[in-house]
Amino acid sequence: QVQLVQSGGGLVEPGGSLNLSCAASGFTLNYYAIGWFRQAPGRERESILCFSERDVTNIYEDSMKGRATVSRDKAKDTVYLQMSSLTPDDTGVYYCAADFGCHNVGQGSVWGQGTQVTVSS
């Protein structure tokens, strides 16, 4: 079964950091672009950034610039999103999605199940 399995969410205090994981199951992630999305409470899901198949990070949300780092472990078929200097505005359910090329990442892609990130003191 082709799927993405996410982990790493949780509760973190403002100013803290989190490392989210997005692991492929049933296929290899190495040639795919990975998009990261956030759905904040009461809001629609929004695109944060895309990590291309060539490991280039394209950040779409200005507030994430300088705070988000993406890396790929090819041996583990896993992509990681590290976020720092977190604020309550970063609270939401985070999703990863895989497709061929960042321009294709969207509804028809392979999606993870989502992981909750809550930033609160």
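**Figure 1. Phe-51 and Thr-57 face each other across the β5 and β6 pair.** In this predicted model, Phe-51 stands opposite Thr-57 in β6. Three bridges join β5 to strand β6 (residues 57–59), and the two run antiparallel. Strands pair here if DSSP finds at least two bridges between them; strands (E, at least two residues) are DSSP runs, numbered from the N terminus. β5 and β6 form a hairpin with five residues between them, and Asp-55 in the turn has a positive phi of about 65 degrees. Residues are numbered from 1 along each chain as its sequence is written. Because the model is predicted, local features need pLDDT of at least 70 and side-chain atom pairs count only at pLDDT 80 or more, while totals for chains, interfaces and linings use all residues; side-chain values use heavy atoms, with hydrogens and water left out.

**Figure 2. The hairpin of β4 and β5.** Six bridges connect β4 and β5 in the antiparallel sense. Phe-37 has Ser-47 of β5 as its bridge partner. Five residues lie between the two strands of this hairpin, and Gly-42 in the turn has a positive phi of about 75 degrees.

Figure 3. Arg-38 lies in strand β4. Its relative accessibility is 6%, so Arg-38 counts as buried (buried means under 20% relative accessible area, exposed over 50%, partly exposed in between, with a 1.4 Å probe and protein chains only). The side chain of Arg-38 makes a polar contact of 2.6 Å with that of Glu-61 and another of 3.1 Å with that of Tyr-94. A polar contact is a pair of N or O atoms within 3.5 Å; within protein, one must be able to donate a hydrogen and the other to accept it, and residues adjacent in sequence count only if both atoms are side-chain atoms. Leaving aside neighbours within four places in sequence, the residues in contact with Arg-38 include Glu-44, Ile-48, Met-64, Asp-90 and Val-93 (contact means heavy atoms within 4.5 Å). The C-alpha atoms of Arg-38 and Gly-114 are separated by 8.9 Å, although the two residues are 76 apart along the chain.

**Figure 4. The open sheet of four strands.** The strand order is β1-β3-β8-β7, with antiparallel pairing. β1 (3–7) and β7 (68–73) stand at the edges with a single partner strand each, so one side of each is left without a neighbour in the sheet. From one strand to the next, the twist averages 20 degrees (axes are lines fitted to C-alpha atoms, and angles run from 0 to 180 degrees between N-to-C directions). Five bridges join β1 to β3 (residues 18–25), and Gln-6 has Cys-22 of β3 as its bridge partner.

**Figure 5. β11 and its partners.** Strand β2 (residues 10–12) pairs with β11 in the parallel sense over three bridges, with Val-119 of β11 as the bridge partner of Val-12. β9 and β11 run antiparallel and are joined by three bridges; here Val-117 is the bridge partner of Gly-92. The covered face of β11 holds Thr-115, Val-117 and Val-119, and the uncovered one Gln-116 and Thr-118.
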